[in-house]
Amino acid sequence: MSESKLLYKRVLLKISGEALKGKEEHGFSREAVADVVARVREALDMGVEIALVVGAGNLWRGLAGSQGGMDRVTADHMGMLATVMNALCLKDAFRQAGVKCHVHCAVAMEPFAKRFDRDAALEQLARGELVIFAAGTGSPFFTTDTTAALRALETKCQAVMKATKVNGIYTADPMKDKSAVKFNTLTFQEALAGHYAVMDSAAFSLCADNNLHIIVFNFSEDGALCKVLSGDYSVGTVVS
């Protein structure tokens, strides 16, 4: 696919930590990590500039920790550390695959990762190099959804691409309701009125207020990332 056919030139891809564990109960699966690298590299080879935010669900869930009696701030700090571990895992995998990759951390983490530098990130993206944002926003009570929306706006991305296990947004859970109908496109107002769980409220508001497109798609489907980047929403839904 040629670069001229791209609908989106620069995007932020948000993937879950679970995408890295594959069939393992927790941690990392070599095959799953390699699969993530291959799918992202395919889009990079198209000429798309990609920033990436990865969750921590394969290692730690801050909300679950706080519900178990842990202080919420402490639990969220542990979640931030887990996203740094995932970012370093991906950086190593991408570099071994020949992809130039940089990790920007929301908190001081030298020598493991450099502190978030917007100017440097913009220059790296413009060179076609992959940028991974780790440690959330650096503050507790904010999810990686909000991190994705914030960093996407800071780095002039045209869309936040939310990688999921389903091929878009439906009127109901398609896993439970066979009559659920898929949307190819939605406005922010329609998504809000329909109470569709697109992103958490803080992230959704950031996107809506700044007309930052949200694309929900099935990351595990072959070629899906490249398809939605070219405007094919048969494997996803765009909210704009």
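Which residue just after H5 takes a positive phi? That residue is Lys156, with a phi of about 60°. The model is a predicted one, in which local features need pLDDT of at least 70 and side-chain atom pairs count only at pLDDT 80 or more, while totals for chains, interfaces and linings use all residues. Residues are numbered from 1 along each chain as its sequence is written, and side-chain values use heavy atoms, with hydrogens and water left out. Helices (H or I, at least four residues) and strands (E, at least two) are DSSP runs numbered from the N terminus.

The buried set consists of Thr144, Asp145, Thr146, Thr147, Ala148, Ala149, Arg151 and Ala152. Their cover includes strands E1 (10–15), E2 (49–54), E5 (130–134) and E6 (159–164), along with H3 and H7, where contact means heavy atoms within 4.5 Å.

The N-terminal end of H5 is capped by Thr143, which places a side-chain oxygen 3.2 Å from the backbone nitrogen of Asp145. Thr144, itself in H5, has its side chain joined to that of Lys14 by a polar contact of 3.3 Å. A polar contact is a pair of N or O atoms within 3.5 Å; within protein, one must be able to donate a hydrogen and the other to accept it, and residues adjacent in sequence count only if both atoms are side-chain atoms. Leaving aside residues up to four places away in sequence, Thr144 touches Lys14, Val53, Val54, Gly55 and Thr83.

What about the helix partners? The axes of H5 (residues 144–154) and H7 (residues 201–209) come within 7 Å and cross at roughly 20°. That makes H5 roughly parallel to H7, given that angles under 35 degrees count as roughly parallel, over 145 as roughly antiparallel, 65 to 115 as roughly perpendicular and the rest as oblique. Axes are lines fitted to C-alpha atoms, for helices over the stretch in contact, and angles run from 0 to 180 degrees between N-to-C directions. The H5 and H7 crossing is left-handed. On the H5 side, Asp145, Thr146, Ala149, Leu150 and Leu153 meet Ala202, Ala203, Leu206 and Cys207 of H7. Sorted by class, this contact has 7 nonpolar, 1 polar and 1 charged residues.

H1 (residues 30–45) and H3 (residues 72–96) form another pair, packing at an angle of about 65° with axes 10 Å apart. Their crossing is right-handed. Val33, Val36, Val37 and Val40 of H1 make the contact with Cys89, Leu90, Ala93 and Phe94 of H3. By class, that gives 8 nonpolar, no polar and no charged residues.

Most residues other than glycine have a negative phi, and most peptide bonds are trans. Glu110 and Pro111, however, are joined by a cis peptide bond, with omega about 10°; Pro111 sits in the loop between strands E3 (101–105) and E4 (114–115). His195 has a positive phi, near 55°, and belongs to the loop between H6 (188–193) and H7. At 71% relative accessibility, His195 counts as exposed. Asn211 also has a positive phi, near 50°, and lies in the loop between H7 and strand E10 (213–218).

Notes:
Left-handed = near helix turned anticlockwise from the far one by under 90°. Nonpolar A, V, L, I, M, F, W, Y, C, P; charged D, E, K, R; others polar. Buried < 20%, exposed > 50% of the residue type's maximum accessible area, 1.4 Å probe, protein only.
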